[in-house]
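Here is a friendly walk through one protein model, for a reader who likes to look at local detail. Please keep the view open as you read.

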Amino acid sequence: MSLIHPTAIIHPGARLAEGVQVGAYSVIGEHVEIGENTSIGPHVVIEGHTRIGRDNRIFQFCSLGSEPQDKKYAGEPTRLEIGDGNTIREFCSFSTGTVQDGSLTRIGNKNWIMAYVHVAHDCIVGDNVTFANNATLAGHVKVGDWVILGGFTGVHQFVRVGAHSFCGVGTVLLQDLPPYVTVSGNPAAPHGINSEGLRRRGYSSEAIMAIKRAYKSLYRSGLSLDEARAEIALAAQSEPAVQVFSDFIAESGRGIVR
């Protein structure tokens, strides 16, 4: 049974599954689809071609599926997709995509997204991420699983943020951040790997030590980037966790945080 507050405005074309709750004065647009047992707080606006999965908690005053803040956008039916089990706190804003990229902004599953977070057009966010208050993604950003962005972190357009990385409060990311690496500052500077996070997620001591050696090859050895890539690629042959690190830095288009 869905629980819809009588003051909510829901377009007849919207599709709400069993158990969806919609709070007072919220507005749900024509092309919106919401999965089972998702809770929408009061004064939320969900518009555009937006699909939201099941078991999400969306708090008051969020704006989801709005037109992208891109001057090239000309009203195309681009999309926003949000997975399952996410917590999205107050005043968050997520835009749809643009035809200049994949026409899609996507948020994965089981993410913890705090107040005032902005996810711009064409961003792809993985699973189990934590975005603290006022973290902001510019357009076309890709964020891996288990990433933590501290409060007021800003990520430049087209930057990739590798899985299990950690950004301190107020970080400004202008280049790609490799997996596992901890950074802070404006612009971001590296400060080791996210060892505690990796231990909590079941990484072995051997895997963590191998990642630390790869980090040192990139940041502490004095090697050029090409030399460090070659050394890390060799180490990756015997450790899958390092292979993730190696693949990421080999594919970087914007350059690596150094």
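This is a predicted model: local features need pLDDT of at least 70, side-chain atom pairs count only at pLDDT 80 or more; totals for chains, interfaces and linings use all residues.

Ala-188 sits in the loop that runs between β27 (181–184) and β28 (189–193). Is Ala-188 buried or exposed? With a relative accessibility of 13%, Ala-188 counts as buried, because the cut-off for buried is under 20%. For a sense of distance, the C-alpha atom of Ala-188 is separated by 31 Å from that of Arg-79, and these two residues are 109 apart along the chain.

The loop between β27 and β28 also holds Pro-187. What kind of peptide bond joins Asn-186 and Pro-187? The bond is cis, with omega at about -5 degrees. Most peptide bonds are trans, and most residues other than glycine have a negative phi.

Tyr-25 is not a glycine, yet its phi is positive, at about 65 degrees. Tyr-25 lies in the loop between β4 (21–22) and β5 (27–28), and with a relative accessible area of 51% Tyr-25 is exposed. His-164 also has a positive phi, near 65 degrees, and is a residue other than glycine. The loop between β24 (160–161) and β25 (166–167) is where His-164 is found; at 8% relative accessibility, His-164 counts as buried.

Next comes Ile-148, in strand β22 (residues 148–149). Its relative accessible area of 23% makes Ile-148 partly exposed. Which residues does Ile-148 contact, leaving aside its neighbours within four places in sequence? They are Thr-130, Ser-165, Phe-166, Cys-167 and Arg-201.

Now to the cysteines. How many disulfides does the structure hold? The count is 0. The cysteine sulfur closest to that of Cys-62 belongs to Cys-92 and is 4.8 Å away, which is too far for a bond, because a disulfide needs the sulfur atoms within 2.5 Å. Cys-167 is in no disulfide either, and its nearest cysteine sulfur, that of Cys-123, is 14 Å away. Cys-62 is buried at 2% relative accessibility, and Cys-167 is buried with a relative accessible area of 1%.

Finally, the helices. Two packed helices are described by the angle between their axes and the distance between the axes. The two pairs are set out here.

| Helix pair | Axes come within | Crossing angle |
|---|---|---|
| α2 (residues 205–219) and α3 | 8 Å | roughly 160 degrees |
| α3 (residues 225–236) and α4 (residues 240–250) | 8 Å | roughly 150 degrees |

The angle makes α2 roughly antiparallel to α3, and α2 passes α3 in a right-handed crossing. Ala-214, Ser-217 and Leu-218 of α2 meet Leu-225, Ala-228, Glu-231 and Ile-232 of α3. By class, that contact has 5 nonpolar, 1 polar and 1 charged residues.

Helices α3 and α4 are roughly antiparallel to each other too, but their crossing is left-handed. On the α3 side the contact is made by Arg-229, Ile-232, Ala-233, Ala-235 and Ala-236, and on the α4 side by Val-242, Gln-243, Phe-245, Ser-246, Ile-249 and Ala-250. The classes here are 8 nonpolar, 2 polar and 1 charged residues.

Key: Residues are numbered from 1 along each chain as its sequence is written. Side-chain values use heavy atoms; hydrogens and water are left out. Axes are lines fitted to C-alpha atoms, for helices over the stretch in contact, and angles run from 0 to 180 degrees between N-to-C directions. Helices (H or I, at least four residues) and strands (E, at least two) are DSSP runs, numbered from the N terminus. Angles under 35 degrees count as roughly parallel, over 145 as roughly antiparallel, 65 to 115 as roughly perpendicular and the rest as oblique. A crossing is left-handed if the near helix is turned anticlockwise from the far one by less than a right angle, and right-handed if clockwise. Contact means heavy atoms within 4.5 Å. Ala, Val, Leu, Ile, Met, Phe, Trp, Tyr, Cys and Pro count as nonpolar, Asp, Glu, Lys and Arg as charged, and the others, Gly among them, as polar. Buried means under 20% relative accessible area, exposed over 50%, partly exposed in between (1.4 Å probe, protein chains only).
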